[in-house]
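The structure comes next, followed by the notes.

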Amino acid sequence: MSYVAIKGGSDAIQSSIRFFQNSLRQGQVIGDEELQKGLIFSCDRIMGEGALYSETLAAEALRRTGGDLLEAAFYLRAHRSTCKRIGEATQLSGSSMRILRRISSAFKDIEGGQILGPSCDYVIRLFRGLVEEDEGTSLSSGDPVGAGVPSAVDSLRQRDQIVLLENKEEQPFDVSRSFPLPPYPRSALMQVMSRGETGAMLAFAYTSMRGYGDVHPTIGDLRIGYMSVEFIHPFTGNKVKVGDIRVTTCEAIGSFNRDPRDGKLRLATGFGFCLGFNETKAISMSILDMAMHHSGYSVGGMDIAANPEIIIHHVDGIESMGFTNHFKLPHYVTFQADLQVLLKAKEQSDE
Amino acid sequence: MNREELNFFLQQVDSDALFALVQKVQCCSEVQVIQQSTEQTLMLPVTDPVTQGTFYGGEVLVNSAIVRVNTVEGWAMVLDQHPTRALHIAILDGAYAAEVEKEAIVDLAGKGQKLHGQMNKDVDRQVASTRVSFDLM
């Protein structure tokens, strides 16, 4: 494919930018805190799909784009590429999360308890008046949940009932530095999915439940909460807490499979993780993980969700938006060439 | 309170209180900025329970600064885009290590710890109120 440059229209382009900014002017007065706390799920999607945790920038991106979440995520991804990477935080683990919500649909009684937390799951989706002000209704007391609650799936692991896939990587792959070649390392697939676009992840996961797969998972452990980001103090050499970030994790349990380690039957699991509170994305990721890494979940040879080639190249919202939207750019010369070919073909066909 | 705890708890206090203490430190010691507050990212490695391996779950935006207070280096790293806060905490970190206004620094960090604890307590109360027990019918 060849590209032909065009020139002209600078004034019109500047006017278009001004027009766009003017049309969003009323949103510019909404403060950071209102956006960060009032539109928390929008900010979380922006950070998760932009793969950069910054509540300040998420709010700013929301303002600049008039609430277009994909565009806003693009801002964060672009900003990320301008920053120097100083290193790695200490390892994050789901069990270290300070829990706000934690449920299991596999087990009724779990260590730490079922915690409904803040969720729209129990809200009736009907417009019945405005949101009521909290009048300080008394909350029933109970033991705090805090951090250090193990996954509900761990009990099955301890009983040796879960497939443990082999970890073939000494170092995790980093797709933000280079893109892997097939066969794709598991860590690359997980990284791509954790920064994937929620709608794309949901759609691909959904194919595995409907006509093109056989995943019908049970949610072993779904949790949202805060994880501490820690780094090493350069002058003392000790760990320092940098801050807390919002995250979501999900462990889904599938049907049993032969464990590649010893051929015994065990339950397959999939894992989902994303920045911010986004249960739909974390569940979708755990389903896709399970579909890709355990055979037997694709039916009819149409393994859409089970095909790493499809998932790794299609769930990134910023890439797919960029490619799709580039069709708006002038293609005058290539289209004229298409027309010429059509006319020639017609001539030959008529002869 | 040890030096490593300052970084997080000082992020919880009001920026005016932080600045006032920094000014006090600057009055009675020599403060030199070695690295201005810089925007950086930290990779977030996540434990993968399916393999017990690791993958990167994204990056977090931080600001970090390095200073020298008298002859001792101070450092701070704060979450998100807060360059001034990072510089101020680095100065207080260095001052703490150089034994300059140490008591006042510990007091201020203690206030941050208290604020954070109170905030957590409120959230914990709400979280605990949503604990549920299911009975099979």
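## Cysteines

The sulfur of A:Cys83 lies 18 Å from the closest cysteine sulfur, that of A:Cys43, which is too far for a bond. A disulfide here is a pair of cysteine sulfur atoms within 2.5 Å. Over all chains the structure holds 0 disulfides. B:Cys27 is in no disulfide either, and its nearest cysteine sulfur, in B:Cys28, is 6.9 Å away.

The two cysteines A:Cys83 and B:Cys27 can also be described by accessibility. Buried means under 20% relative accessible area, exposed means over 50%, and partly exposed is in between, with a 1.4 Å probe and protein chains only. A:Cys83 counts as buried at 13% relative accessibility, whereas B:Cys27 counts as exposed at 71%.

## Basis of the model

This is a predicted model, in which local features need pLDDT of at least 70 and side-chain atom pairs count only at pLDDT 80 or more, while totals for chains, interfaces and linings use all residues. Residues are numbered from 1 along each chain as its sequence is written, chains are lettered from A and ligands numbered from 1 in the order in which they are written, and side-chain values use heavy atoms, with hydrogens and water left out.

## Chain B as a whole

Chain B has 4 helices and 4 strands, in the order α-α-β-β-β-α-α-β from the N terminus. Helices (H or I, at least four residues) and strands (E, at least two) are DSSP runs, numbered from the N terminus. The C-alpha trace of chain B spans about 70 × 35 × 25 Å along its principal axes.

Of the 137 residues of chain B, 53% count as buried. Among its contacts (heavy atoms within 4.5 Å) between residues at least 6 apart in sequence, 57% join residues at least 24 apart.

Helix H3 of chain A covers residues 40–50, and its buried residues include A:Cys43, A:Ile46 and A:Met47. A:Ala51 follows H3(A) and has a positive phi, near 60 degrees.

Helix H4 of chain A, residues 55–65, is mostly covered, with 8 of its 11 residues buried. Among them are A:Leu57, A:Leu62 and A:Arg63. The buried residues of H4(A) pack against helix H2 (32–38), H3, strand S1 (52–53) and helix H5 (69–80) of chain A, together with strand S2 (53–69) of chain B. A:Gly66 follows H4(A), and its phi is positive, near 65 degrees.
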